[in-house]
Amino acid sequence: MGRYIVRRLLWVVVLLFLVSLITFIVFYAFPTADPAQLRAGRQPNPQLVEQIRHSLGLDKPWYVQYFRYMKALVLHFDFGRSYHYNVPVRKHILDAVAPTASLVVGAAVLWLVSGIAVGTISAVRRGKLIDRLSMGGALVAISAPVYWLGLVALYLFASDIGKVHIFPGAGSYTPITDDPVKWFTSLILPWIVLAASFAAFYARLLRGNLIETMSEDYIRTARAKGLRERRVVLRHGVRSAITPVVTAAGLDIGILLGGAILTEKVFNIPGVGMVAFDSIQNADLPIIQGTVLLGAFFIVIANLVVDVLYAFLDPRVRYA
Amino acid sequence: MRRSLWSIIAALAVLALVVAGCGGGGKAKKGGTVTILDTEGGVDSLDPGYWYYQDDYKSLGQPTQRWLYGWKPNETTPTPDLATALPAVSNGGRTITVKIRSGIRYSAPLQTRTVKAADIKYAMERCFLPQVGNGYYHSYYGDIAGADAFTKGKAKQISGIQVPDATTLVIKTTKPIFVLTSGRALGMPCTVPIPKDYAQKYDKGKTSTYGEHAVFTGPYMVQNDGKGNITGYEAGKTLTLVRNPKWDKSTDFRPAYFDRIEFKGGFDATVAARKTLTGPRMLSGDYAAPPVAVLKSGLSSRKSQLVITPSGGNRYIGLNTRIKPLDNVNVRRALSAAIDRTSLRQTRGGPTIGTIATHFFPPGIGGFEEGGGVQGPGFAFASSPTANVPLAQQYMRKAGFASGKYAGPALLTFADDAPPAKETAEAFQSQVGKLGFKLKLREVPHATMLSKYCEVPKAAVAICPNFGWGADFFSPQSMIDPLFNGKNIVPTGNVNTAQVNDPKLNAQIEKAKTITDPAASAKAWAALDKVVTNQSYFLTWIWDNNVGLESKDMNGVPSKFNSGEWDLTFSSFKK
Amino acid sequence: MAADALLEVRDLRVEFDTDDGVVHAVDGVSYSVERGRALGIVGESGSGKSVSNLTVMGLTRFQGARISGEVLLDGRSLLDLPKDEMRRIRGNEIAMIFQDPLSSLHPYYRVGWQLAEAVLAHRDVSRQEAANRAVELLDMVDIPEPRRRAQAYPHEFSGGMRQRAMIAMALANDPKVLIADEPTTALDVTVQAQILELIRRLQHELDTAVVMITHDLGVIAETVDDVAVMYAGRIVERASTATIFRTPEHPYTWGLLKSIPRLDVPRDAPLVPIPGAPPSLINRPSGCHFHPRCPYVREAHTRTDPRLEPVPGDPGHSVACLLGPETRRRIWAELRAGLEPDRARRAAEAQETSA
């Protein structure tokens, strides 16, 4: 297992290199705007634009720029400076990780707990009213766009612009280190909004898996042993049916840690997604590159974690 | 007699406006924390040398620094700030002498130092450096003696900026420059003092990092650790201004009521606008007008919280005169007659957001009144509030299209991909369709539209429906020179999007720039306004308003100088 | 016969509703087992043999089955017991072993844990005591190094060991009745014999009543005392094991016997599979349900439904067949002599006419 993890970590490095290269190439092959131009502001004289282009190294071939970028990154963990804001990229992005992690981890807890609960109840009460209601609700939650859901949640429940003033509204995110209570209350609506579609998806996934699992021979064995039905369902049924759920959750969390753009945007949580969105608007290559690398890092690490976790969840799986 | 009565009434009206501007009938309350909700990143940079946009002026330029000349909210001429008086002009308009107040202090860590003329000289010089990225130095300071040599690296200083003593700044130009002699272009943030010995180490390298270590002279400062490090700024997220203890109120014209000003970035525009209207202690942020839906509901139920100010800017549809059939002036006039300016305005929210334009210059610009005022110069094709199709067809026939309709190939058009600009473009498309025009309409993000297509002559875009332009310091020159002077056609970042290069027009512009008598200057520019309107290089459709939103307890004061954005040093809480 | 029966099933009927119609899985089945005895239930898949025993365990309730009749354990009626009381009986007084030990053991839990769980389900003992009991049980079913093996996962066991573990689990609480549902089908032939031997040994040691369900007559020859043959949800013949092999009365039983190799018939006698497929339990054949596959069928058999009736002169032996007793005897005699079914039939008919 140890060797397996080391080998996988080496692959992570290779993958990140490839990702950075691809981002670079994409930016040059399909440029969205001229960074020197943007940096120079309104009606700049062409001389200034050229000077800026030169001073930022944008007049060099892309591979030279890429080499310089990677050199600084590898040797000094330096992601460069933002073209648009002229601030160091590393701090700009790393500052955004904690808000995103707060949002994603909290939402994941919520969607896993509710998704698993609803999925289990639905599977056990298959075809009954509660199952039909839950699955109908799940379908709605899956098809509701996050941005719309976020706005509706704000218009209904936000303490500033809502109909009923219950939860703090957009832009109220407070770091947990500043005030844990405010941190928690400010994230309640975002957690619910982000978790809704995932909870629905996971409920459906688990329901399907569990219905299949409950017809397995070992469930019949468990019942034949005289176990209580609750134990049969939870310890024997859910224990098996949950494996793909955990796998999916690992990957989803990994993807979201790279930025939950829509939820962050609608609730104005200063996370990686906002940074990424903003950087694309501004054609800010150093930040785009940084957020893409961070996102890719989380995804490959999540993949690794999921694979390792799989071995713990399913004793039949062995890596070498 | 009549005349003087009118001037008394006018004076009273101005007084009323000023009083209103100073706090809803003198009801300004001192103190408190105001929050401003931005939808995008807010300010672009902490570096005064970079500031050129409304947000930079509003959020940093006015509250945190003193310039040589500042701008009172309702005035269209500069007020001495660091300077003690308007510039003294000599040598036939080629030498400008500015005296500077003594005893103006910097914030920590330079709290023991006072502002010297040399600090302003350095500040102006560094605006020429590529690592600072200033956008206007060549337009306004390019004719300062020795500027060329400095730009080319042949001189370490600009010889035309001199400091005979600590409180005197002398600027020598190669020819008389109205924007300098009037003090207007010295009312720009390149004159925010920056001590050379402190800043120089940050000005080295690819991009200057001075902004992260800036010192302040204004009533407020960006929160910092007192050791020269900014702590109150997270790019795109937050900006916190606190009182500057070194600021001396008795030397400043600004009341600076608030104790603390907090900017929060990244809001959804609708959410931000609603929050501002429903919540306490908030002013609207980096959007010139709220989303159409909020504007409509605000107008019906919260009209007193909407502050509508002419922004001094316009919106126009750009036509490329190098592309057939737009090279024909009568085709351009036909298009001008064919568009329905009222329904175009509807796409952005209706009458609140601006006045239907009858010529190119917006109100407030020197030369606007001379050019016909709101009624305009009387060109029928430019002043119809709705489509005038018969007139348009008449011009088409004049242009050689006997049927009165265009029958050539579709015209390449680039527009914004987001509302409301996108809707404006689409409305335009259907309007000119009636004249037989077909558009190859491409919708892309705003920044891409400008920097990759509409401002790149090589891209050969025929029509760009989402242009707007605003003047710097009410200067008619800044409305005309960059947009219509042939010498300003450049390969990228080209704002002369019509690609007009008419020697007669160029000469007329160059001549107007050197007229230093205000009345003669206004007349000369008004004549140019008439020319470009008659030529229909652009289809000007509105003169923009800025629609500010304020919470019920706020008394926001818009700054005319800054396109109608809030002047946070005059805004306050209601008593 | 039922006076001292430990488990008695009376007129059991089990039906399921499906989209295609009502499945008559078990249709009036009665049997009983006494303490320390073994009953074999033989039939093809779909004959209702597994369903009837799952019903005895109370496990068909989970599939929404309609159940009628009676199941008595020690005189106590099981079918109308509340769910929780039935649960206390399952795995405690009646235990069951299943066909495929790999799929019947939970793949994610250690074998010892799964055994201990069975103990803990019915006994108020500590986890440690349950774990010790698990090791003891593994030892009882002849698994070497039981303490170490208890820590293994099912996939680390061989097929035979898994079935031993299943048997150990079933015997965890010293059940009065052990139902073994095709316990050797999924195993190698050599292992099959060991497992059967194990079951027989434990049955004697623990004095357990055993119900052995199988489609393979060969399996039951050595293991059970009595045999019930099921077809299409009904018992078509019932007798002692010796009788079934010596004088079977039902054409279906003949078919089963002819389809397995035997030591007591000539080696060159051909193995004859039963033609046709098991009948649909939704639209069952009219009259005798076996008639479409019966080589000796007569026209009247498609209209009359046979009942299980005692065989004259053979106490304890009953059969549900419309052929006359004489005819049956003649046909069986021909079959035993090695004739194929249609020749046996013709021979028997010839005798009938001449008689």
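The crossing of helix 5 of chain A and helix 8 of chain A is right-handed, a crossing being called right-handed if the near helix is turned clockwise from the far one by less than a right angle, and left-handed if anticlockwise. In this predicted model, local features need pLDDT of at least 70 and side-chain atom pairs count only at pLDDT 80 or more, whereas totals for chains, interfaces and linings use all residues. Residues are numbered from 1 along each chain as its sequence is written, and chains are lettered from A and ligands numbered from 1 in the order in which they are written.

Helix 5 (residues 89–124) of chain A packs against helix 8 of chain A at an angle of about 35°, and their axes lie 5 Å apart; axes are lines fitted to C-alpha atoms, for helices over the stretch in contact, and angles run from 0 to 180 degrees between N-to-C directions. The contact of helix 5 of chain A with helix 8 of chain A has 23 nonpolar, seven polar and one charged residues, where Ala, Val, Leu, Ile, Met, Phe, Trp, Tyr, Cys and Pro count as nonpolar, Asp, Glu, Lys and Arg as charged, and the others, Gly among them, as polar.

Chain A contains 14 helices and zero strands, these being DSSP runs (H or I of at least four residues for helices, E of at least two for strands) numbered from the N terminus. The C-alpha trace of chain A spans about 85 × 55 × 35 Å along its principal axes. Of the 320 residues in chain A, 47% are buried, that is, have 20 or more other C-beta atoms, placed from the backbone, within 10 Å of their own.

When residues up to four places away in sequence are not counted, Ile179(C) touches Asn53(C), Val56(C), Met57(C), Ile94(C), Met96(C), Val211(C) and Ile213(C), contact requiring C-beta atoms, placed from the backbone, within 7 Å.

Chain B is divided into domain 1 (69–203) and domain 2 (315–546), with bounds that come from an automatic or database domain assignment. The centres of domain 1 of chain B and domain 2 of chain B, taken over C-alpha atoms, are separated by 34 Å, and their contact takes 12 residues from domain 1 of chain B and 12 residues from domain 2 of chain B.

Notes
Buried ≥ 20, exposed ≤ 12 C-beta atoms within 10 Å, placed from the backbone. Contact = placed C-beta atoms within 7 Å.
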